[in-house]
Amino acid sequence: MLGIIYSALAAIPDRRRRVFELSRFHGKSHKEIAVIMGISVHTVERQIYLTLTELRKTITAFA
């Protein structure tokens, strides 16, 4: 299952993947990510939402 998740993450655009990794793997808040990457908090929220949507689709396809 982890292999499927990592493969799906590898296919996601770099900025979106970085936002997701900072949030989920490094425990950064949306505000911290926004400051680190120089983007708005809304953009951070949207990027995480889009990544989770893609991961759900990928996992559902393999289930």
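This is a predicted model: local features need pLDDT of at least 70, side-chain atom pairs count only at pLDDT 80 or more; totals for chains, interfaces and linings use all residues.
1. Basis. Local features need pLDDT of at least 70 and side-chain atom pairs count only at pLDDT 80 or more, while totals for chains, interfaces and linings use all residues. Residues are numbered from 1 along each chain as its sequence is written, and side-chain values use heavy atoms, with hydrogens and water left out.

2. Helix pair. The axes of helix α2 (residues 14–24) and helix α4 (residues 41–62) come within 9 Å and cross at roughly 95°. The two helices are therefore roughly perpendicular (65 to 115 degrees). Helices are DSSP runs of H or I, at least four residues, numbered from the N terminus. Axes are lines fitted to C-alpha atoms over the stretch in contact, with angles from 0 to 180 degrees between N-to-C directions.

3. Contact residues. On the α2 side the contact (heavy atoms within 4.5 Å) includes V19 and F20, and on the α4 side I48 and L52.

4. Q47. This residue of helix α4 is buried at 10% relative accessible area (buried is under 20%, exposed over 50%, partly exposed in between; 1.4 Å probe, protein chains only). Beyond neighbours within four places in sequence, Q47 contacts R15, R16 and V19.

5. Salt bridges. The whole structure has 2 (a side-chain nitrogen of Lys or Arg within 4 Å of a carboxyl oxygen of Asp or Glu). R17 pairs with D14 at 2.5 Å, both in α2 and 3 residues apart; R17 is buried at 19%, whereas D14 is exposed at 57%. E54 and K57 pair at 4.0 Å, both in α4 and 3 residues apart; E54 is partly exposed at 34%.

Methods. Angles under 35 degrees count as roughly parallel, over 145 as roughly antiparallel, 65 to 115 as roughly perpendicular and the rest as oblique.
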